[in-house]
Amino acid sequence: MPDSRLAEAVELSFGRHETFAPRFGWLHKAYMQVKDHSDIFLRDDAPVVLGVGKNMVYAMRYWSRAFKLTKEHDHEDPKQRAQLAAPTWRARWLLDEDGADPYLEDTGSLWLLHWWLLSADSPAAKCWAPSWYVTFNLAPRSRVTAAELTRVITRHVHETFPEKDWPAAESISRDVDCLIKMYASDQELNPLSPGSFEDLLMSPFRELGLLEGQGKGKERTWRFTNGARSNLPAAVLAYACLDYAARFHSSAGSISVARLAEEEGAPGRAFRMREPEITKAIESIISDHPRLQLVEALGQRSLRFEDAPQDLAWDILDEHYDHVRRRDRFPTPEDWEERYPGLRRAGVKRPRKQGQRTEEQDLIEGMA
């Protein structure tokens with residue numbers, strides 16, 4: 001087995017985006033429907049209600065789940081196999097009309113979503129985009145072609161998981177194409193790729209400036225940029241650092257900046273930032289947050305937090321967005337689970353009878 005956390009970090013979900021990168025407006029539109037209609041992605045009129053094509057409905061469902069804005073759970077009726085969707089509290093915090101940034105106008109919100117996409121903050125909240133996880137955390141930092149990146153992802157999946165769980169080679173290739181469409185601002189149009197031109201214009205994540213290309217055709221190489229991120233708010237970076245630290249600390253403690261920069265699954269990998277750049281960004285907000293400190297011992301800098309890191313992470317993030325949680329009648333996470341009890345059942349599936357097909361099998365065959 002390889003020395004990586006891949007098996008613990010990801011769900012084996014490939015190609016579920018239908019080749020469509022997330023587009024402007026999709027996540028808000030999906031959230032606004034899911035909060036009132038748990039079966040929206042399953043309904044025959046979903047394309048009309050959501051204003052997209054049928055395959056885009058599948059993509060909106062996938063991206064909502066991958067960004068951890070929805071969780072899926074079994075139907076209360078045991079005769080119903082299809083999974084329903086429930087909006088998470090973080091979706092309420094970000095995307096509701098009185099939320100932090102429902103239309104994703106702040107580039108910091110895109111960085112936040114990028115972090116949520118890649119993060120695996122608990123066994124119940126794994127990364128649903130394994131090709132993205134490998135690319136940012138395990139792939140080489142040198143330039144690669146799309147074919148080379150496909151081989152890297154394939155190798156890590158094959159080395160980590162049993163053969164019966166391996167995806168089709170075409171699924172990983174589609175993931176790589178979608179990832180490039182999602183982040184590259186200078187991509188070439190592919191006349192054979194559905195929605196290629198629209199993806200070029202409509203993927204908001206191009207604003208992050210993470211991916212740049214060189215050359216043309218099949219030999220075109222791609223490089224993820226590194227360095228200071230002028231459009232990444234320090235509060236969002238601090239949130240990600242504390243969110244990562246919360247995987248190891250439930251109360252006050254510290255974590256080295258080197259770990260935050262270099263460890264698999266850490267913010268430095270996700271944002272492609274080195275230790276000095278993370279340090280400089282955090283330094284800029286420490287004076288406003290006395291419970292957060294940078295300390296140095298034996299030549300190593302560490303981020304020290306005087307409260308539970310998860311609580312402090314949300315305090316800093318919420319302050320950046322003008323204290324969303326203080327707004328009138330804003331629900332607590334506990335209130336939200338009372339409203340959407342399916343969130344508690346998410347990830348706990350009823351045992352299937354022998355030979356019973358899964359919804360995923362039906363969906364895959366329906367797309368073939």
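Trp-116 and Trp-314 are both buried, a term that here means under 20% relative accessible area, against over 50% for exposed and in between for partly exposed (1.4 Å probe, protein chains only). The model is a predicted one, in which local features need pLDDT of at least 70 and side-chain atom pairs count only at pLDDT 80 or more, while totals for chains, interfaces and linings use all residues. Residues are numbered from 1 along each chain as its sequence is written, and side-chain values use heavy atoms, with hydrogens and water left out.

In total, 18 aromatic pairs are found in the structure. Rings of Phe, Tyr and Trp (its six-membered ring) pair if their centres lie within 6.5 Å; planes under 30 degrees apart count as stacked, over 60 as edge-to-face and the rest as tilted. Trp-116 and Trp-314 make a tilted pair, with 6.4 Å from centre to centre and 35° between the planes. This pair joins distant parts of the chain, 198 residues apart: helix α6 (residues 107-118) holds Trp-116 and helix α15 (residues 309-320) holds Trp-314. Helices are DSSP runs of H or I with at least four residues, strands are runs of E with at least two, and both are numbered from the N terminus.

Trp-116 also has a charged neighbour: the charged end of Arg-90 sits over its ring, 4.7 Å from the centre. For such a contact, NZ of Lys or CZ of Arg is within 6 Å of the ring centre and within 35 degrees of the ring normal. Likewise, Arg-259 lies over the face of Phe-248, 4.5 Å from the ring centre.
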